Amino acid sequence: MRTSIRSGPVLAVVLVAGGIVAPSSASAATWQAVDTIAGTGLASTLETFGAVPVDYNGDGREDVLFGHHDQGARLFRNEGNGTYTRVAAAAWPKLDPVSGLNPDRHECAWADVDGDGRPDAYCGAGRTGNNVVKTGMDNELWLQRNPGVFTDVGTQWGLGDVCGRTWAVTFINANGDRWPDLYVGNIRPRAVPNDPCANPANGFPDRFAKLFLNTGGTGFRYVPNAGLAQYGGQAGAEVTDFNHDGWQDLLTCGGDGMHLYRNDAGRGFTDVSAANGFGTTGVSGAKFGDLNGDGWADLVTSSNKQFGYRLNNQGRFGPLVQIAATTGGRAVALGDADGNGTLDVYALNANIAQVKNPQDFIYRNVGLHFTAVPVPNTSGTGDAVTALDGNNDHRAEFLVLNAYETTAPAQRIQLVLR
């Protein structure tokens with residue numbers, strides 16, 4: 001996966017007050033992070049809840065789906081010239097066309113669930129601040145039955161979850177067949193009085209996180225007692241084969257820490273978090289990626305104290321190594337931003353309580369030595385960051401979402417040598 005590492009200008013890391021890390025110049029030419037979103041068609045000030053890259057039309061270019069929480073979602077086609085055009089405007093509407101209700105839409109994920117060669121999108125939804133039953137504003141499965149045309153069949157395909165407070169979702173091959181299965185990360189319900197879903201007499205489904213198995217490309221069925229925790233995924237759900245046994249495993253993270261679930265050859269999952277040294281301390285974000293080029297997926301995390309990584313030692317994760325201290329780590333993304341063949345780390349900081357956006361950094365990875373490049377600051381509160389390669393130059397751009405229940409400009413951050 002990794003190629004050779006070539007040398008480049010090095011930025012010395014300087015620790016300053018409050019745990020902020022900033023670079024100092026060590027040569028005439030230095031790496032700088034610039035915001036290149038102007039003129040791309042992706043600029044937005046809508047509130048956001050994730051952005052997901054996908055080649056929805058099979059043209060070899062990376063498109064992107066923006067989620068806008070309770071303002072709908074928008075799919076943008078990559079035109080191949082540095083610009084994007086919105087497509088499929090009828091899909092992911094702000095209001096459900098039948099009920100007229102407003103879905104509390106959260107994260108989305110893509111996979112070809114019916115085997116027709118076209119990616120489909122599944123989107124989770126929360127229950128709003130009142131823990132409403134999600135009838136008419138439920139989780140959605142948008143089938144791409146014709147190129148660029150999407151239809152929601154979530155309820156018909158057995159993927160409705162009217163009592164689940166859904167945040168993170170991800171497709172996973174849980175049983176080893178050719179059909180993508182689905183993990184729906186439902187977090188703990190709010191403690192509100194008279195929650196209809198808390199009363200078994202009402203006959204509603206449970207509120208737990210769920211594994212749905214794909215029934216041959218025609219629907220899904222819920223599989224309880226699969227070995228997954230009752231709740232999970234507030235801060236994300238990631239899939240990888242961490243032990244190289246040929247089966248996809250699952251990582252969830254959130255306020256109760258990280259949980260790593262080993263896939264037991266399609267028979268269910270076993271929580272191996274403790275065996276890998278994962279504690280119960282809250283983790284705000286996590287991504288898998290091969291940091292050192294040995295072919296094993298390492299783990300990079302964020303928390304309200306630090307950004308760090310754990311090396312994968314042939315199926316067993318090592319101790320947490322700090323990349324940088326922080327006081328508000330919100331999320332991470334991985335991508336080769338400087339073109340040296342190694343994965344760099346985008347460290348997104350946020351202070352949701354104070355609704356302000358602290359300094360973000362890209363940490364360049366040269367042989368597991370990380371040097372910091374400051375990102376141009378913006379208004380709003382950092383929410384999420386996604387690595388893209390929109391121009392197919394094998395260098396990552398980072399799409400930064402700076403709105404958390406607010407309106408603030410998104411950014412597309414790239415590294416340039418100046």
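The torsion about the S-S bond of C108 and C123 is about 105°, so the disulfide (a pair of cysteine sulfur atoms within 2.5 Å) is right-handed. C108 lies in strand β8 (residues 105–111) and C123 in strand β9 (residues 120–125), so this pair ties together parts that are 15 residues apart in sequence. Strands (E, at least two residues) are DSSP runs numbered from the N terminus. The structure is a predicted model, in which local features need pLDDT of at least 70 and side-chain atom pairs count only at pLDDT 80 or more, while totals for chains, interfaces and linings use all residues. Residues are numbered from 1 along each chain as its sequence is written, and side-chain values use heavy atoms, with hydrogens and water left out.

The S to S distance between C108 and C123 is 2.1 Å. C108 counts as buried (under 20% relative accessible area, with exposed over 50% and partly exposed in between; 1.4 Å probe, protein chains only), at 7% relative accessibility. C123 is also buried, at 0%.

Two disulfides are found in a search of the whole structure. C163 is joined to C197, with an S to S distance of 1.9 Å. This link is left-handed, with -80° about the S-S bond. C163 lies in the loop between β11 (149–152) and β12 (166–172), and C197 in the loop between β13 (181–186) and β14 (210–214), so the pair ties together parts that are 34 residues apart in sequence. Both C163 and C197 are buried.

With the bonded cysteines numbered in sequence order, the pairing is 1-2, 3-4. C253 is in no disulfide, and the nearest cysteine sulfur, that of C108, is 18 Å away. C253 counts as buried, at 3% relative accessibility.

How values were computed. Helices (H or I, at least four residues) and strands (E, at least two) are DSSP runs, numbered from the N terminus.
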